[in-house]
Amino acid sequence: MKHLRVSDNRLVLSNTMTYRIFILQAYKSISLGLLKKLRQLVNEGMVLVGEKPERSTGLSLYKNEDQEFRKIASELWSDEGITDRQIGKGRAFCGQALKSILQILRIQPDFEYTSRSGETPILYTHRKGTGWDLYFLSNQKRSYEECVCSFRVSNKRPEIWDAITGNIIPVGIYSVVGDRIQLPIQFAPNASLFILFRSGVSASRVESVERDGKIVLGAEHFSQGSVQKH
């Protein structure tokens with residue numbers, strides 16, 4: 001918490017990772033120091049999501065500390081049932097589903113996917129740099145899986161980087177949908193891949209491959225339910 005800061009309404013860590021939202025777990029009690037830090041960050045522009053804590057984790061030996069805790073908590077969380085508050089440059093949400101909060105903030109899913117089996121769990125992380133986005137995808141099943149993945153990336157060309165073989169595979173089949181890129185990805189059992197998107201890399205691409213009038217390979221040809229990850 002000592003190294004957190006806010007820049008352009010994003011929470012920034014010391015390793016330069018950034019986050020749009022800080023989610024506070026539903027603890028009944030937190031420390032007064034943490035509560036003060038949350039107030040500082042929200043005033044500087046952070047978006048806080050979570051329920052109002054009831055008390056401090058410290059020993060309640062000092063009445064003044066209890067009063068200070070209740071005062072700060074009431075600044076961040078309304079005692080009148082208000083679920084969305086503008087505080088300084090930031091906002092505090094409570095009592096709402098995360099999906100609805102993301103819609104209010106107009107935050108689109110960072111990563112979505114559909115799978116042929118319809119039950120593939122894919123874990124991911126995302127890092128950004130100057131002119132590039134890097135996603136790490138991991139298949140959690142012990143079976144081969146075919147997925148169509150959608151990334152919140154635009155104006156960049158995707159490449160598949162295999163950390164086991166060291167191969168770098170340019171992606172020739174993908175589609176651009178608004179400010180997102182969709183592409184088919186095949187996973188080996190329990191396999192993981194890096195998907196690198198780089199700007200300034202130009203090459204031809206195709207949307208899909210058809211046979212006898214039917215799509216046999218493409219960036220949008222699976223129909224199972226979509227999984228969204230923000």
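Which residues of α1 are buried?

Analyst: The model is predicted, so local features need pLDDT of at least 70 and side-chain atom pairs count only at pLDDT 80 or more, while totals for chains, interfaces and linings use all residues. Residues are numbered from 1 along each chain as its sequence is written, and side-chain values use heavy atoms, with hydrogens and water left out.

The buried residues of α1 are Leu32, Leu35, Lys37, Leu38, Leu41 and Val42. Buried means under 20% relative accessible area, exposed means over 50%, and partly exposed is in between (1.4 Å probe, protein chains only). Helices (H or I, at least four residues) and strands (E, at least two) are DSSP runs, numbered from the N terminus. An α-helix has 3.6 residues a turn, so residues three or four places apart point the same way.

The length of α1 can be checked. The expected span of a helix is 1.5 Å times one less than its number of residues. Helix α1 covers residues 32–44, and its 13 residues should span 18 Å. The end C-alpha atoms of α1 are 19 Å apart, which agrees. Just after α1 comes Gly45, with a positive phi of about 130°.

Two residues other than glycine also have positive phi. Asn9, in the loop between β1 (5–7) and β2 (10–12), has a phi near 65°. Asn9 is partly exposed, at a relative accessible area of 41%. Thr16 sits in the loop between β2 and β3 (18–19), and its phi is about 75°. Thr16 counts as exposed because its relative accessibility is 57%.

Two strands pair if DSSP finds at least two bridges between them. β13 pairs with strand β10 (residues 111–115) in the antiparallel sense over five bridges, and Phe111 stands opposite Phe151 of β13. β13 also pairs with strand β17 (residues 180–187), again antiparallel, over seven bridges. In that pairing Glu146 stands opposite Gln186 in β17. In a regular strand the side chains alternate between the two faces of the sheet.

Cys147 counts as buried because its relative accessibility is 1%. A disulfide is a pair of cysteine sulfur atoms within 2.5 Å. The cysteine sulfur closest to that of Cys147 is in Cys149, 5.3 Å away, which is too far for a bond. Cys94, at 15% relative accessibility, is buried. The structure holds zero disulfides.
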